[in-house]
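Visitor: Hi, could you walk me through this one? I'd like to go piece by piece and ask as we go.

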Amino acid sequence: MNATNDIVQKLWNLCHVLRDDGITYLQYVTELTYLLFLKMAQETGVEDQLPLGYRWGDLVAKDGIEQLNFYRTTLLELGSSSSTRVQAIFANAQTALKQPRILKKLVQSIDELDWYSAKQEGLGDLYEGLLEKNASEKKSGAGQYFTPRPLIDCMVELIKPQPGELVQDPAAGTGGFLIASDRYIKQYTDDLFDLTEAQQSFQRHQAFYGIELVQDAHRLLLMNMLLHGIEGAVSLGDTLSSDGQELPKANVILTNPPFGTKKGGGLPTRDDFTFPTSNKQLAFLQHIYRSLLPEGRAAVVLPDNVLFEDVQGRSIRADLMDKCNLHTILRLPTGIFYAQGVKTNVLFFQRGKTDKGNTKQVWIYDMRTNMPAFGKRTPLTKEHFQPFELAYGDDPNGGSQRVDQGESGRWRCFTRDAITKRGENLDITWLRDESLHSGDDLPEPEAIAAEIMVKLQTAMEEMEALTLLLEGENLQEEAEA
């Protein structure tokens, strides 16, 4: 076990101490973020960003109730710090700790870790490991903010972000896509040393940006980016409101938007969407393809309902295929996200130079049928994506030579005309599902129930969209009358 994994395990084991104080997993990681920030500021020599008298050494020097009260005061002080990044990490920060002995245990344990080895291997990797551990713990509920690392790496390697490109994530979570894109570019530019000083500054301050809706996830995002040496603008806000309209257009968009409907129902508050819908994923899809610069490229994780939902869904897919070359769909296996019954896909597309007729054909790779149900027993690995990556080819825009594997293979091509005849429905399967015939590997009852709920929700969204459309037509007829 390397030093990073060892430290992650030790930090995670401390959460058992906190259960006596009624702390949840997500609260624990947020609490750790506050304390780790103070310690890492000391270790990396950037304590000058923190107000005097409110640093790690000051916290360690206190004891008992005095230490707990000082910690509460420190959180308030840092929330109004002169450094905007520190201020954002500690905005509205409050400790959930109630017992002085538990804070003392946390502080002592963090102080005793092997920080020399951690710095050698990268503090960013340490923090990302902690986020991954939190996401894999079902009770934490944090899986919704964390896309599996092998999937992120696959998407980034196929889209190939380049130095000088603007990379956006409009549902940034804890920053997985932005950090993997930065890592990919550093890997091919000798850790940016091949770039000029101005180019290095662009990569650090401007190249990577996005929005996150949830404040606790936004804290983790800021901390994660800081530890990876990225200082791009990742704001707290709602992409489906006017906040999203203010995001600069991008060369590359990589994202996994949240599942489900807009909180409280209703439509996004943006006024620039051509097709109003309460389906968050369809709204995000509109944001993504509208936010790409000409010839910009995107890879986005979306649930099955985006492929088949009627009315506005059909119009949005047609608009996407007009404005962009939707060249590839990867049908993902089940069990890789926190919501077991949700079936997902990755859509790969490139914005055209014009807004008409950009999609001529769509290649679909079925990585779902007759694949294992992934989870703790069968973890998803990079190796699982290798056959798809080989079929996809080296061209990030899907222009590599590709071979249709026919009805018995996982990789098939469908013409734009064939998709039009299907009513713009992209929910296409052709492989025979062996589990349905063998009686083995039947889905868990919870997975079946979850899938029924997803289908029911989709049907309700379709009805809502149809109602809105009819209301719009009625208003138009009244205005014409």
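**Sheet, helices and contacts**

Guide: Let's start in the sheet: strand 2 (residues 208-212) and strand 3 run parallel and are joined by three bridges. Two strands count as paired if DSSP finds at least two bridges between them. This is a predicted model, where local features need pLDDT of at least 70, side-chain atom pairs count only at pLDDT 80 or more, and totals for chains, interfaces and linings use all residues. Residues are numbered from 1 along each chain as its sequence is written, and side-chain values use heavy atoms, with hydrogens and water left out.

Visitor: And how are the helices and strands defined?

Guide: They are DSSP runs numbered from the N terminus: helices are H or I with at least four residues, strands are E with at least two.

Visitor: What is the bridge partner of I211 in strand 3?

Guide: I211 is partnered with S235 there.

Visitor: What order do the strands of the sheet come in?

Guide: The order is 3-2-1-4-5-7-6-8-9, nine strands in an open sheet with mixed pairing. Strand 3 (234-236) and strand 9 (411-415) are the edge strands, each pairing on one side only. From one strand to the next, the twist averages 15°.

Visitor: Which strands does helix 10 touch?

Guide: Helix 10 (residues 149-159) packs on the sheet against strand 4 (250-255), strand 5 (292-303) and strand 7 (344-351), and its direction makes about 160° with that of strand 5. Axes here are lines fitted to C-alpha atoms, for helices over the stretch in contact, and angles run from 0 to 180 degrees between N-to-C directions. Then there's helix 17 (residues 312-323), which lies across strand 6 (324-331), strand 7 and strand 8 (361-366), at about 120° to strand 6.

Visitor: Switching topic: at what angle do helix 5 and helix 7 pack?

Guide: About 75°, with the axes of helix 5 and helix 7 8 Å apart. That makes helix 5 roughly perpendicular to helix 7, a label that covers 65 to 115 degrees (under 35 is roughly parallel, over 145 roughly antiparallel, the rest oblique).

Visitor: Which residues make the contact?

Guide: Helix 5 brings G64, I65, Q67, L68 and Y71, while helix 7 brings P100, L103, K104 and V107. Contact means heavy atoms within 4.5 Å.

Visitor: How accessible are D63 and K104?

Guide: D63 is partly exposed at 44% relative accessible area, and K104 is partly exposed too, at 29%. The classes are buried under 20%, exposed over 50% and partly exposed in between, using a 1.4 Å probe and protein chains only.

Visitor: How many salt bridges does the count come to?

Guide: It comes to 22 salt bridges. One of them joins K186 and D182 at 2.8 Å, N to O. Both K186 and D182 lie in helix 11 (residues 176-188), four residues apart, about one turn of the helix. D182 is buried, with a relative accessible area of 4%. There's also a network of salt bridges linking D304, R331, R368 and D427.

Visitor: What about the largest nonpolar core: which residues touch the most other members?

Guide: L11, Y28, L36 and F348 do, out of 94 residues in that core. Helix 3 (residues 25-44) gives the most to this core, with 10 residues. Apart from it lies another core of 32 residues, including L282 and F349. A nonpolar core means buried Ala, Val, Leu, Ile, Met, Phe, Trp, Tyr and Cys residues joined through side-chain atoms within 4.5 Å.

Visitor: Last one: is R416 buried or exposed?

Guide: R416 counts as buried, at 16% relative accessibility. R416 is in helix 19 (residues 416-421). Leaving aside neighbours within four places in sequence, R416 is in contact with A318, M321, T359, K360, Q361 and E424.

Conventions: Salt bridge = Lys/Arg side-chain N within 4 Å of Asp/Glu carboxyl O.
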